[in-house]
Amino acid sequence: MVAAGLYLKRFYTVVRGEVLVLPSRVIVALFFLVLLGMPLISQNPYLIRVIVLTSIFAILAASWDLLSGFTGQMNFGHALFFGVGAYASAMLNVHLHIPPWGSVPLGAAAAVLTGLIVGIPCLRLKHTYLALTTMAFPIILMGIVFALPDITGGELGISGLQRISNSLIVNYYVYVGIMLVLCTIMWKITDSHTGIIFHAIREDELAVKASGINTTRYKLMAFCLSGFFAGIAGGLYAHYMRIAGPSTLEVSMSFTVVIWAVFGGIATIYGPVAAVFILFPLLEFVRFWPEYRMLIFAVVVLLILLYMPEGLIPWVRDKIEKECPRCKIRNVATRKTCRICTAVLD
Amino acid sequence: MNIIITGLITGSMLALLAISFSLIFGVARIVNIAHTAFYMVAAYCIFSLTGKFGLNPVVGMMIAVVVVTVFGLLAYKFLIDPIREHEAAVLIATIALAMIFQEAVMLIFTGDYRTVSALIEGYFIVMGVKVFFQQVLTFGVVLVVLALLWFLLMKTKLGLAIRSTAEDREVANLMGMNDSRLAMITMGVSVALAGFTGAVLAPLTVLSPYMWMEPLIMMMAVVVLGGLGSIKGSFVAAYILGFTEALVVFVIPKGAFLKGSVALTIMILVLLLRPEGLFGVSFEEER
Amino acid sequence: MKRVTFGWSFFVTLCLVIFMSVPVWGRTIKIGVIGPMNFVQGKGHWNGAIMAAEEINARGGVQVGKEKMNIELVKADSNEFLSMTDATNAMERLMTQDKVDFVVGGFRTEAVLPMQDIAMDYKKIFIGCGAATKSICDRVAENYSRYKYWFRGTPFNERYLVATSFAHLGLAGATIKKELNVPVKCAIVGEKATWVEGMIKAAEATIPKMGFELVGVWRPSAVATDVTAELSAIQKSGANLIFTIFSSSVGITFARQAGELKIPAAQVGINVEAQKDGFWEATKGMGNYVFTMNTYARGIEVNEMTKPFVETYIKRFGEVPTYTADTYSAISYGLVPSIEAVGSLDADKIVAHMENREYMVPSGKVKYQKDAQGRPTHDLTWGPGYLTSLGVQWQDGKLVAVWPNKWKASPTAPEVTYKGMVPLKLPPWMKK
């Protein structure tokens, strides 16, 4: 009893000291709680479906950010990884009857392989060249898909995949849980030593090279990591929709990912995730006005970018938090002095 | 023979689009995804002007080009210029712009396929191949426009300014060039060319709100293959890809749908050998 | 910003709670109409459904047991040409938010398959009005208890599309032989799409058997905007009959450019764009003499129901109904009589009743099939006396019907001719 009380107290102190001090952390905590508690409030299948799809695309957007946002390797063909993941999982599941817990990781592995195949030649390209070249890959793969209808099902895709679970709630927790875990992992990666190198490559590749770091290896690693997470998203998507079709490879898919990520703010991981959680439900929400749906979507994106070219989330974060000029620790915007070093915040 | 004619026509179209895209990229470092959307708007303008208001096609074409140029300048002034420092944001802004155009066209003209009648109907036979007059006309007009463009770039002061800014923006700025105004003018020229392409191509194609997607990809492939910012490169690459597409159709008739994929594969192969494209100058590491 | 997410979910939950707690006054039969509403196909779905609902409500509604119920339509834009997720979300919405009792519509097979799965999850009857792929119905045979709620409303599956096309080719080939007195050389041009694959294979096997010479197969992209290359090659091959298989914009391109270049060959087959009234305008008159399969045509009477339907439709919407407008038949002649016969909205009972019925619709007679092992597939029966569709041809700005005109499905079968047929015309530039 006492021990439990002590733990509770300790837990409370940690929460108070680490979470409640910063509004962004409070929001993240709330986000986790709301997502995990959602089925307790409502089990509306439509709502759950929207959240599950949002989660899948959140992984995808975050994985784009991991590659393009951090290392600056603009990838305009992110649908490639997504499509490879989806198709590979679908083929493994439908033709070889491998259950989802096997087919999704294997699909992700296939996407990693694709990341290697695409990454090696692309490393010689820079900036816009890279962006425009990567855009070509999913289209080429689409050509192959159409050329081999016996294996890929052509434009019908591969249908009849197994569900991860037949229960609505279990499905929900699997998808949301995977999303939360993967996004946390991605965020941790970008926060690690590797992430700092990624970031440095974007800022000044020459300087990183000069410090004796093999940038090629790190860029390739970014390609593989990003491919891995996007592949998982693709596999999950295929199992959820129970079909892997050429729509996963379309140009609009690649574009949408970039829109989400840039809208949310690149090089943050949480930005793209949040952006998907705003934009995807928004698109569903404006269904009451079907003719103007895409128009509203495009206008919202355009207007937000016009006022917040850094992305929505960094803008919001700068409004509610201030960085201490001396020790670089973040503080609530309402504070007058830094919570650590008591330097005056301006 | 067939291959040559089809290749020439496709190539010329791609060349016009790619060169105009290249211009604005070179001067302002703007990757304008909406470029082909302007081309679509021009085609629809002509459709409504000639179809609904019964205007003369030539007048319709001129109005369409003007309308599109105005659209382009407005879009630049209010949507792109304010966020030019943020490359990624500009990119998304142009994608959003293209989507807005697409949806607007969809609302006004619905998703039905439309066509525009040719300026000159009929065909003639060259060496056993039937060729539309419209195709020849288009080809001729494209060559004239390309020549004019070459003259503009090489022989006028504005051209000099555009070229030097494309070469080195900062130094051009130091030399007293108004970077922002130049970008605006280039945007105008670039969009006008896109509109013009739409105008001359409209009678040869089927109009739909999604018609901007396919040429967009090919145009980008051309630009990358030829080397970013290199006008000569875009010109040559456009014809290479145009001929490739035509070849694919003739050599493997059952694989005609693969023409896009094959052209893109060639682009990637070339890039592997020459990462800066055929005629691109490798940029100094920008720091 | 995550507050926004939270706020949004909260708002939705609130809305749901309010929405669900409001009691439903006066029970109606809710029918979801799902389709790409920004496109012709979706508009056809919606128009057909509206017509059905208005007619039924005007005569007092549907007699369900002792109650009279009105039909209430729910429009759902599947946006399926552009986004699969939109399509499935729209379906899920119909099922759980709008709580519809039945669904009609669907077009692109890649979207219909997952939409079908969702409808089956909720055990709701889904009558497909657009996708021709046979595999959608094979699912019913393979897993009856799950997929039995799926019915095909239109069109009949790709195998019968081919069979009808061969009848059309036969008619055109005979005309060519008779009028020009030359052997028939046939070229196949099919857009690159999966539903075309099987048809091309079948055509390659059957065309030589029909006594025609096969000169080649071309596969342009479904959205190609220039087919002059293909056309030159076809002309070089000496073909005088072109078997076209188009469902997309390439149908306009091909017809227009072939007409403009005066390619000396008759175009026969499936060209979905040519089924629309706007085709003449879209090809600027160059699509003259194009022949395509169709479901309805002005002035043609398959049976006594055809004329009232087609004429009312033209009066109301200003155009000849396309085949997706068969949502009308699906509701008026498929669902409603079964509901009234069963006397409840119970899906299982309706399925059991509907799959054994044979009923007349404006385009013929519907009978649901069983496969070789006798398992029901809920697919449509094709043939004389059932559904045959029409062969229509553009003749100088008018879409007229030319088939079935004294058509025999087999040497022993009775001749079939619908009222209002005219003879097939070959393009005049073939006669040189």
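In this predicted model, strand β7 (residues 185-190) of chain C and β8(C) pair in the parallel sense, with 5 bridges between them. Within this pairing, C:Cys186 stands opposite C:Leu214 in β8(C).

The two strands belong to an open sheet of 4 strands in chain C, arranged in the order β8-β7-β9-β10, and the pairing is parallel. The edges are formed by β8 (213-218) and β10 (266-271) of chain C; each has a single partner strand, so one side of each is left without a neighbour in the sheet. On average, neighbouring strands of this sheet are turned by 20° against each other, direction ignored. Helix α9 (residues 228-237) of chain C lies across β7, β8 and β9 (241-246) of chain C. Its direction is at about 165° to β8(C).

Another part of chain C contains antiparallel pairings. Strand β15 (residues 390-395) of chain C is mostly covered, with 5 of its 6 residues buried. Strand β15(C) pairs in the antiparallel sense with strand β11 (residues 291-294) of chain C over 4 bridges, and C:Met293 stands opposite C:Gly391 in β15(C). Strand β15(C) also pairs in the antiparallel sense with strand β16 (residues 398-403) of chain C, over 5 bridges. Here C:Gln395 has C:Lys398 in β16(C) as its bridge partner. The hairpin of β15(C) and β16(C) has 2 residues between the strands, and in this hairpin C:Asp396 takes a positive phi near 50°.

| Strand pair | Sense | Bridges |
|---|---|---|
| β7(C) and β8(C) | parallel | 5 bridges |
| β11(C) and β15(C) | antiparallel | 4 bridges |
| β15(C) and β16(C) | antiparallel | 5 bridges |

In chain B, helix α3 (residues 57-80) and helix α8 (residues 179-201) pack at an angle of about 145°, and their axes are 8 Å apart. The crossing of α3(B) past α8(B) is right-handed. On the side of α3(B), the residues that meet α8(B) include B:Met61, B:Val65, B:Gly72 and B:Tyr76. Among their counterparts in α8(B) are B:Met184, B:Gly188, B:Val191 and B:Phe196. The residues of this contact divide into 12 nonpolar, 4 polar and no charged.

For chain A, the confidence of the prediction can be stated. The chain averages a pLDDT of 86, and 100% of the residues score at least 70. Among the elements of chain A, helix α4 (residues 79-95) has the highest mean pLDDT, 92, whereas helix α7 (residues 149-152) has the lowest, 79.

Definitions and conventions. Residues are numbered from 1 along each chain as its sequence is written. Chains are lettered from A and ligands numbered from 1 in the order in which they are written. This is a predicted model: local features need pLDDT of at least 70, side-chain atom pairs count only at pLDDT 80 or more; totals for chains, interfaces and linings use all residues. Axes are lines fitted to C-alpha atoms, for helices over the stretch in contact, and angles run from 0 to 180 degrees between N-to-C directions. A crossing is left-handed if the near helix is turned anticlockwise from the far one by less than a right angle, and right-handed if clockwise. Two residues are in contact if their C-beta atoms, placed from the backbone, lie within 7 Å. Ala, Val, Leu, Ile, Met, Phe, Trp, Tyr, Cys and Pro count as nonpolar, Asp, Glu, Lys and Arg as charged, and the others, Gly among them, as polar. pLDDT is the predictor's confidence in each residue, from 0 to 100. A residue is buried if 20 or more other C-beta atoms lie within 10 Å of its own, exposed if 12 or fewer, and partly exposed in between; C-beta atoms are placed from the backbone. Two strands pair if DSSP finds at least two bridges between them.
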